[in-house]
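Below are some notes for a colleague who is opening this structure for the first time. They are meant to be read beside the sequence and the 3D view.

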Amino acid sequence: MDLTIRDKVLDLSPPKIMGILNVTPDSFSDGGAFNETDAAMQHIAEMVAEGADIIDVGGESTRPGSDPVAAEEESNRVIPILERAIPAYPDTFFSVDTTKYTVAEEALKLGAHFINDVSGMQKEPRLANLCAEYEAGYILMHSQGDPKTMQQDPTYDDVVNDLYLFFKEQVEAAQAKGVERLIIDPGIGFGKTLQHNTALIRELKSFQSLDCPILVGASRKSMIGEILNDRTVDDRLIGTIAVHYHALINGANIIRVHDVKEARDSLAVFNALSAK
């Protein structure tokens, strides 16, 4: 499966690794670590060297309970990094994790390849129009509620079927706006209990009939901490690899990770064992 994103081809066979770059003071795992542009550039260099195919840059924390950030502040965090990073790494794809039109537009003007919309076109539908205009990729993620309240009482009739219907409707809506490069993400931890998250990973193949690549991001998330008896964020690496490996077996095309080197090793093993 190939996606032509702007002037580049992303071959999703075998699966690819998206490295996370949070340029925020309050992200749940690495908040404050890469706020300065030089520190962010160094981390990008490390992730690229370790095997990241895509770098996902986010300027607003979406951890449970987090407060929203004004568009100007988010732009001030993200845009200076993209200005340096995109020309510095011409073989790497860059994604921007945002729900704001102005931030997405600035990023796409600089040459960003994806907009990663955690609201799944529910908050700012015009993001799809932007991606169509720039021939960029659109990552359509499911979330129930907003980050401030999403984990208070998430409920579904049937989480897998509910998400399937959501994606079917939103994919058709995005395509009607001219988007041709769509990736779907079930949004592990975004308005979901442990039982919801495990069901989605277990039944990931249910979404393949939508004919969109599937991204899974479970890196260091609370579901792993719960499974491992309240394990802290910094001690969830092995759990992360296990969840992502299971997602790969069930059809994930991209895994979104903090720990690129370890993900690359795991993916190399997966590819070797999957070869025919």
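1. This is a predicted model.

2. On one side, E5 pairs with strand E4 (residues 54-58) in the parallel sense, over five bridges. Within this pairing, Ile55 stands opposite Phe94 in E5.

3. E5 also pairs with strand E6 (residues 114-117), again in the parallel sense, over three bridges. Here Val96 has Ile115 in E6 as its bridge partner. To get from E5 to E6 the chain passes through helix H3 (residues 101-110), and this β-α-β crossover is right-handed.

4. The next strand to look at is E7. E6 and E7 run parallel and are joined by four bridges. Ile115, the bridge partner of Val96, stands opposite Tyr138 in E7. Together with helix H4 (residues 126-134), E6 and E7 make a right-handed β-α-β unit.

5. Strand E7 (residues 137-141) is mostly covered, with five of its five residues buried. Gly137, Ile139 and Met141 point one way from E7, while Tyr138 and Leu140 point the other way, and all are buried. E7 pairs with E8 in the parallel sense over four bridges, and Ile139 stands opposite Ile183 in E8.

6. Now the sheet as a whole. Eight strands form an open sheet in the order E8-E7-E6-E5-E4-E3-E10-E9, and the pairing is parallel. Strand E8 (182-185) and strand E9 (215-216) are the edge strands, each pairing on one side only.

7. Strand E3 (residues 16-22) and E4 pair in the parallel sense over five bridges, and Ile20 stands opposite Asp56 in E4. Helix H8 packs on the sheet, where it touches E9 and strand E10 (254-257); the direction of H8 makes about 165 degrees with that of E10. Helix H9 packs on the sheet as well, touching E3 and E10, and the direction of H9 makes about 170 degrees with that of E3.

8. How do these two helices meet, and at what angle do their axes cross? The axes of H8 (residues 237-249) and H9 (residues 260-274) come within 10 Å and cross at roughly 35 degrees. The crossing of H8 and H9 is right-handed. From H8, the residues in contact are Leu237, Ile241, Tyr245, Leu248 and Ile249; from H9, they are Glu262, Ser266, Leu267, Val269, Phe270 and Leu273. The residues of this contact divide into nine nonpolar, one polar and one charged.

9. Is Arg236 buried or exposed? Its relative accessibility is 10%, and because buried means under 20%, Arg236 counts as buried.

10. What does Arg236 touch, leaving out residues up to four places away in sequence? Its contacts are Arg220, Lys221, Ser222, Ile224, Gly225 and Arg231. Of these, Gly225 is 11 residues from Arg236 in sequence, and the two are 6.7 Å apart in space, C-alpha to C-alpha.

Technical notes:
Residues numbered from 1 in each chain as written. Predicted model: local features only at pLDDT ≥ 70, side-chain atom pairs only at ≥ 80, totals over all residues. Heavy atoms only, no water. Axes fitted to C-alpha atoms, helices over the stretch in contact; angles between N-to-C directions. Left-handed = near helix turned anticlockwise from the far one by under 90°. Contact = heavy atoms within 4.5 Å. Nonpolar A, V, L, I, M, F, W, Y, C, P; charged D, E, K, R; others polar. Pairing = 2+ DSSP bridges. Right-handed = clockwise from strand over helix to strand, strands pointing away. Buried < 20%, exposed > 50% of the residue type's maximum accessible area, 1.4 Å probe, protein only.
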